[in-house]
Amino acid sequence: MKIPIGGVAFFDSGVGGLTVLNACQKRLAGEKFYYYGDNERAPYGSLPPTQIERYVKEAFDLFEQLQVKCAVVACNTVTALCVDGLRARYSFPIIGAEPAVVSAAKRGGEVFVLTTRATFESQRFHLLCEKVQTKYPLAKLTAYACEGLAGEIETHFCDAFYDFTERLPRGSPDAVVLGCTHYVYIRERIKKFYNCEVFDGNEGIAQRLCGLLRQNSACKEQNFTSETAGSEKNRDGRPLFQKSMGEVGIFDHLLSRNAEIKKLGTKTNKCSYIKTRKSRIIPSIKAKNEIYFLGSGADKNKHFCERMFEF
């Protein structure tokens, strides 16, 4: 199966990252998305770091072949363990998912931060909590590794009567932070259980992604203007192309397309797609966005995505 190149990639161990994809696609109509879910090996939270890194590399090597604009690590565990190494290894921008402890800590009071075991034990997570605790001393952050919760959500997320609360720590916090994208599926149950405000980082990720794409687009337009200004002139010496910023993107696309055609000849269409046999690929093309589901959980994630979200 062929996949068009040049979209935005999302990675998670399973269904959790679909909540992040949902938040992002609402802001980015007309964009191509890839969702790589490794459901057959989920959850990652209890796996050794070296094993997680190996699995993640498989996905990001594919993203590199797809020439993605950027990638979103829609998994708190992978962000905590791998995001620095990924950014050093790959040339495309990478956005991570971190617990929204800042938003919760600003309010003060006791804050429960619910995470996986791998996130809980990571240095990155502890440094984040220490930094936030120092900046907001009126807040008391208490982190908990909710053993097995992500796995139960992966298996029972459609069961309205399944009791997930046995995996939750007891207490009466003033706020709860969901430190795993899987936990967002039971947000309302957690909110009812603790009777307090619940925070997750999905909207923050969506905002960062939109800002990054706008910045990259502006840089491309600026580079095009700088490179072409004054290079071609009319008989009276004025530049042949006098473009407004709104027109630059169109010219940039046409020039890059012409250059590609000259370079590749009649094989342009073949070269603008990537074929892979290593992972399952399921396309889901809607009016607003093209979404391609990759990885071992392609079928499951596509089916669940279309049932739960307005794609």
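A residue is counted as buried when its relative accessible area is under 20%, as exposed when over 50%, and as partly exposed in between (1.4 Å probe, protein chains only). By this criterion, 48% of the 311 residues in the chain are buried. The structure is a predicted model, in which local features need pLDDT of at least 70, side-chain atom pairs count only at pLDDT 80 or more, and totals for chains, interfaces and linings use all residues. Residues are numbered from 1 along each chain as its sequence is written, and side-chain values use heavy atoms, with hydrogens and water left out.

The chain holds twelve helices and twelve strands. These are DSSP runs numbered from the N terminus: helices are H or I with at least four residues, strands E with at least two. Contacts were defined by heavy atoms within 4.5 Å. Of the contacts with a separation of 6 or more, 70% join residues 24 or more positions apart.

The largest nonpolar core has 48 residues. Such a core is a set of buried Ala, Val, Leu, Ile, Met, Phe, Trp, Tyr and Cys residues joined through side-chain atoms within 4.5 Å. Phe10, Leu18, Leu114, Val176, Tyr183, Ile190 and Leu209 touch the most other members. Helix α9 gives the largest share, six residues. Apart from this core lies another, of 28 residues, including Tyr34, Tyr36, Tyr44 and Leu86. Val176 is in contact with Phe112, Leu114, Ile190, Tyr194, Cys196, Glu197, Val198 and Phe199, leaving aside neighbours within four places in sequence.

Helix α7 (residues 149–156) is largely enclosed by the rest of the structure, because six of its eight residues are buried. They are Leu149, Ala150, Gly151, Glu152, Ile153 and Glu154. These buried residues pack against α12 (298–308).

A pocket is an open set of points on a 1 Å grid over the protein atoms alone, with protein on both sides within 12 Å along at least five of seven lines; lining residues have an atom within 4 Å of a point. The second largest pocket contains about 360 Å³ of space. Its lining has 20 residues, and Glu98, Pro99, Ala100, Gly201 and Arg208 are the closest to its centre. Two or more lining residues come from each of α3 (76–89), α4 (101–105), α6 (123–135) and α9 (202–228). The largest share, four residues, belongs to α9. The lining of this pocket comprises eight nonpolar, five polar and seven charged residues. Here Ala, Val, Leu, Ile, Met, Phe, Trp, Tyr, Cys and Pro count as nonpolar, Asp, Glu, Lys and Arg as charged, and the others, Gly among them, as polar.

Note on methods
On a 1 Å grid over the protein atoms alone, a cavity is a set of points where a 1.4 Å probe fits but cannot get out, and a pocket is an open set with protein on both sides within 12 Å along at least five of seven lines; lining residues have an atom within 4 Å of a point. Grid points are joined across faces, edges and corners, and a volume is the space filled by probe spheres set on the points.
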